[in-house]
Amino acid sequence: MSDIISIEKINENEISVLIRPMHINDINTIYSIQKEIFPADDLFESYEAFENKFLVYPQGCFCVELILEGEIIDQENINKYEPSSDLEINKKKLLGHFFSHPWTKGEFPPLNNAKAINDGVDKIIDRSIGELVTGVNKENVMLYLNEIAVRPMARGFNLARLLSNRVLHHLSKQSPSFDHIGLVSVQGSFTVWASIGFDIDHNLPQKKKDYLCKNYGEKSCYMKMDYSKKIKNLKNNQLYICPNLISNNVNSGIYYYGKLFKEVKRVSKL
């Protein structure tokens, strides 16, 4: 690999990016750059919160990163690729991330609360066997997009849409019973999600609107998308929750998610 390039290099009209599963090495990077993405102090979260959002449902978490000048990522070595443990290198490379996990429809997990997210997911799925908890009605379960973010230095390359569409397509094949996807749009980003296929829920009770305003900011709103309209080629209604998850040990960094994707794309500035 060549010497690490400067951040200013991202201003070129074309870059190559790698879309891949999130790794435990990414969490420290995401934590360290959050002030770039969310300048408002009330949206900051602890390292524990980010780590838990990953560990609670690792197969729903992905990253997009810059391929550095001179760095070669091809099909021969892509399957064994993982991010560096060097924070400064990762801060040069990581451009965006995607956290998602199962949640109850029409609800929103609180910010910066690892325990609440952990307890909420555990009420829906038994992570040890990858199945719905007995008694849970799958009609009340959705895939919640906890956080999708692109760093300011990489905006203009349409990475939010590229990452979202690619991940949602992947997850639709892995978790077809999640026919409903929900997210909380913050900082006036609802137009971005509308372009992907999300609609603002105008029927949200006032009490929940007030909760969003208080906890996520005045410009926040709840948005949702119907999987069945977005993805039309689902083959069955079986819930797929990582049946091949053999190890989820944060110390080992070994994760088996079932079928993954890692792909390189050349993207141009809009």
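**Side-chain contacts**

Author: Happy to! At 58% relative accessibility, lysine 115 counts as exposed, because the cut-off for that class is over 50%. Please keep in mind that this is a predicted model. The partner of lysine 115 is aspartate 119, and their side chains form a salt bridge with an N to O distance of 2.6 Å. Both residues belong to helix 4 (residues 114-122), where they sit four residues apart, about one turn of the helix. Aspartate 119 is partly exposed, its relative accessible area being 31%.

In general, side chains of opposite charge can pair when their charged atoms come close. The count for this model is twelve salt bridges. Another of them joins glutamate 71 to lysine 93, at 2.7 Å from N to O. Glutamate 71 is in the loop between strand 2 (62-66) and helix 3 (87-93), while lysine 93 is in helix 3, so this pair ties together parts that are 22 residues apart in sequence. Here both partners, glutamate 71 and lysine 93, are buried. They also belong to a network of salt bridges that links Arg20, Asp26, Glu65, Glu71 and Lys93.

A further salt bridge brings together glutamate 45 and lysine 53, at 2.8 Å from N to O. Both glutamate 45 and lysine 53 are buried. Lysine 53 has an aromatic neighbour too: it lies over the face of phenylalanine 99, 4.9 Å from the ring centre.

That brings us to the rings, with a count of four aromatic pairs. In one of these, tyrosine 31 and tyrosine 47 have ring centres 6.0 Å apart and planes at 85°, so the pair is edge-to-face. Tyrosine 31 lies in helix 1 (residues 24-37) and tyrosine 47 in helix 2 (residues 47-55), so their contact ties together parts 16 residues apart in sequence. Phenylalanine 108 and tyrosine 211 make a stacked pair, because their planes are at 20°, with the ring centres 6.1 Å apart. This pair links distant parts of the chain, 103 residues apart: phenylalanine 108 is in the loop between strand 3 (94-104) and helix 4, and tyrosine 211 is in helix 7 (residues 206-216). Phenylalanine 108 is buried, at 7% relative accessibility, whereas tyrosine 211 is partly exposed, at 28%. Ring pairs join Phe108, Tyr211 and Tyr222 into a cluster.

Finally, for your cysteine set-up, a search of the whole structure finds zero disulfides. The sulfur of cysteine 61 has its closest cysteine sulfur in cysteine 63, and at 8.4 Å that is too far for a bond. Cysteine 61 is buried, at 0% relative accessibility.

Note on methods:
Residues are numbered from 1 along each chain as its sequence is written. This is a predicted model: local features need pLDDT of at least 70, side-chain atom pairs count only at pLDDT 80 or more; totals for chains, interfaces and linings use all residues. Side-chain values use heavy atoms; hydrogens and water are left out. A disulfide is a pair of cysteine sulfur atoms within 2.5 Å. Buried means under 20% relative accessible area, exposed over 50%, partly exposed in between (1.4 Å probe, protein chains only). A salt bridge is a side-chain nitrogen of Lys or Arg within 4 Å of a carboxyl oxygen of Asp or Glu. Helices (H or I, at least four residues) and strands (E, at least two) are DSSP runs, numbered from the N terminus. Rings of Phe, Tyr and Trp (its six-membered ring) pair if their centres lie within 6.5 Å; planes under 30 degrees apart count as stacked, over 60 as edge-to-face and the rest as tilted. A charge sits over a ring if NZ of Lys or CZ of Arg is within 6 Å of the ring centre and within 35 degrees of the ring normal.
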